[in-house]
Amino acid sequence: MKRQTRDTAISQRRITRRGLMLGAGQAGFLGLLAWRMRHLQVDQADQFRLLADENRIKIRLIPPARGQIFDRNGLVVAENVPSYRIMLEREEAGDVEDTIARLGRLIHLDPEELERAHEEMRRSRVHPVTIADRISWEELSRVAVNAPALPGVRPEVGLSRRYPMESEYAHVLGYVGPVSDYDLDKIEAPDQLLLIPRFQIGKIGLEAMREDMLRGKAGTKRVEQNAAGRVMRELDRRVGEPGKDVQITTDSNLQSYIHARLAGESAAAVVMDCESGDILATVSTPGFDSNLFVRGISVSDYKALLENKYRPLPNKAVQGIYPPGSTFKMVTALAALEGGQANTEDTVYCPGHLEVAGRRFHCWKRAGHGNVDLNRALRESCDVYFYEMALRTGIENISAMARRLGLGVAHDLPMTSVAEGLIPTKAWKRESRGANWVIGDSVNSAIGQGFVLTSPLQLAVMTARLATGRSVTPRLIKSVGGVETPTGHGDDLGLNENNLRSVRRAMYDVSNNKRGTGYRSRIVADGMRMAGKTGTSQVRNITAAERAQGVRSNADLPWERRDHALFVDYAPYENPKVAVAVLVEHGGGGASTAAPIARDITLQALYQGDPPLDAYPTADQDRIRIQQEQLREARPHHGPKPSDRA
C-alpha cells in the first residue's frame, strides 16, 4: 500500500514539472508573438503604411512638350500636335491577352502595332506600352467609357511631332522617331523619359543635334488607383520644363521657292547672308517627307527612298562633297597674287593645252584662248592660265588659301554629317595614299579637279568671304528660348584689298561681260547685278582616243556619267548682301544648267519674292513669266507677302 502511494506521488510530481515546462513554453511563445505583433504594428507601422500606399498610389512621368522650331520670320516649321493613343500597363492588366481581346472588340487594333507592343512588354514590365496610336476621338471616348472592364488600359492625349512643310525642311530639321535600343546604347545614363516606349527623340538633323535643348524635362503626377488599376483621382502634380523653342535663320518662302526650282534634279543650293553669315536657305533635292519617320517609316516607303537613283536621303548641301571645278579658280588666283608669283597684268599663252612632265593637260577650249591675263582667265575660265599659276605657286600655298576662304573645313552647324571635304597637301598624299606628290597633282588641283572635294555649303562660305574680305561663318540658329545667338560676321581676312578687287571684278565680268561664261544668266536690274563663276566638274576620265575623235557631249552620255554643274555668285556687286552656291549632280555644264538656277535664286533672295521681269534680260522675260506662274502653283506661300514686309 505504501509503495502505491509513493509511486503515485512521484508520478504527480513528474506531471507537474511537465505541465510547468509546457506552460512556460506556451507563455514564451505567446510573449514572442506579442512582441512581434507590436514590432510590426508599432515600430514598423510607417514602413508598412508606405508600402500599402505604394500599392494604390502610382507616380507617373509627364512627358514635356518638345520645343517648337520657327523660321526667321516666326513661321513654325516643326510643331507639336495632339495625338490620341491607348496605353496598357502590364502589371495592372492581369490577363494581358484577354484584356487586349476585349479592347479589340471596341476599336480596331493594328497587327503591326500589337507586335511592337508585345516586343516592348518583353523588354520592360514596368513602363506602359502603346497598344493603339493615332486613334480618333470617337475611339478614345469608347475606350474611356468602358475603362472599368479594361484593367490596366488607359486612354491618353499626348503630343506628337509634325512638320508642316514636309519635304522642304527635311534635310535641315531631320526628324524625331521612337527611341530605340541603339539610341539607349549610345547614352551612358539615359534620362528616365527615354525608357518610356515610343518616346520621341531627334534622330538626325537639327532635331538630333539640339536634342538637349528641345526635349525639356519631365514632370510627375501622383494618382490613386483602385484594385482594378483604374485611376480614381490625381493627388498632386509637378509641372515639368518644356523644351526651348528654337528660331533658325532660314526664310521659308525662299526655301520653298528653291525646293520647287530644283524639282526633278539631284541638286543642292545654299544661300548665305554676307553680313551675318545667316543661312537663308539650304536645300537638297529630291527631299523626303519627315513625317513618315515620326512613328516609324514603313518598309516599302524606306525601300523607295533607298532605291531612288537621285539619293533623297543624304543632305547634298552640307554632306555631299564634289570636285568644285572652275569655281575653285578664284582660290588659285588669290594664292598666286598674295604670294607674289603673279600680278593682274601678267599674261599666259593658252594654245589649248599645257605640257607638264611629259603629260598634256588640256583646256576646255580646244583651240585655246591665246594670251590671257587674270581677268580674262577667270571671265572665260581658261584652264591653262591656272595650270601655270599652280606651277608657280605650289600646292601648299593654294591649299592654305583654300582653307582661309572656308574650304576643307567642317563648319560648326547643327546638322548631321557636315562634311570637311578635302583640300590636299603633300603630307596628306603621303599619309593617305602612300605616294609622293607629283606636279600633275598640283595642276589638276588648280582647276578644282584631282583630289579637291568641297560641299555646296563651303562654296557659299568661300563666295561670301571673297565678297566681303571677312571670315564670314555660317549660322543656322538665330535664337534659343528667345535669346539671340552670336552672328557669323567674322574678322578681316587680312588679304590685300587690291587683289580682292581684281578677283571680284573678274567675277563681275563672268556674269556681265559678253565673253563671260555666265553672261546668258546675268541680272540686268540696276543695283542688283551679280558677280559669279561657272564650274563644270568631270566625273569620268576622257581618253586620248576620245579626245582625238571629239569629246562626247553630256547629252550623249548616261545621266550618271555626265559632268556636275556648279555656279557661285554674290549680289549686289557694289554692296554684297547674299552669296549663293548651286550644284546640279550630272547636270552637264555650269553655264547652261547651274547658272540660270543660281540667278533665279539670287533674285528671289534680293527681292524677297518674285522679282520684276525687267530684272531679267529682255530675251528671257516671257520664259521667266511662265516659269514664275508654274512655280507659284507648285509651292505654298509662307508668311507675309513681300509687299507686307516692313
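**Nonpolar patch**

I began with the surface and found a nonpolar patch of about 410 Å² made by Phe29, Leu30, Leu33 and Met37. For my own record, patches take residues with over 30% relative accessible area and no salt bridge, with nonpolar side chains (Val, Leu, Ile, Met, Phe, Trp, Tyr) joined within 5 Å and like charges within 9 Å. Accessible areas come from the Shrake-Rupley method with a 1.4 Å probe, and for residues only the protein chains shown count as cover. I then looked up Leu33, which lies in helix H1 (residues 2-43). Leu33 is partly exposed, with a relative accessible area of 39%; buried means under 20%, exposed over 50%, and partly exposed in between (1.4 Å probe, protein chains only).

**A note on the model**

This is a predicted model, where local features need pLDDT of at least 70 and side-chain atom pairs count only at pLDDT 80 or more, while totals for chains, interfaces and linings use all residues. Residues are numbered from 1 along each chain as its sequence is written, and side-chain values use heavy atoms, leaving out hydrogens and water.

**Salt bridges**

I counted on a list here, and the structure holds 28 salt bridges (a side-chain nitrogen of Lys or Arg within 4 Å of a carboxyl oxygen of Asp or Glu). Arg376 and Glu380 meet at 3.1 Å, N to O; Arg376 is partly exposed at 22% relative accessibility, whereas Glu380 is buried at 7%. Lys478 and Glu484 meet at 3.5 Å, N to O. For Arg599 and Asp600, the closest N and O atoms are 3.2 Å apart, and both residues are buried. I also noted a network of salt bridges that links Arg66, Arg161, Glu207, Glu211 and Arg215.

**The five-stranded sheet**

Next I traced an open sheet of five strands, ordered E12-E11-E21-E20-E19 with antiparallel pairing. Strands E12 (279-285) and E19 (531-537) stand at the edges with a single partner strand each, so one side of each lacks a neighbour in the sheet. Neighbouring strands are turned by 5° against each other on average, direction ignored; axes are lines fitted to C-alpha atoms (for helices over the stretch in contact), and angles run from 0 to 180 degrees between N-to-C directions. Helices (H or I, at least four residues) and strands (E, at least two) are DSSP runs, numbered from the N terminus, and two strands pair if DSSP finds at least two bridges between them. I followed E11 (residues 267-273), which pairs with E12 in the antiparallel sense over six bridges. Ala268 has Ser284 in E12 as its bridge partner.
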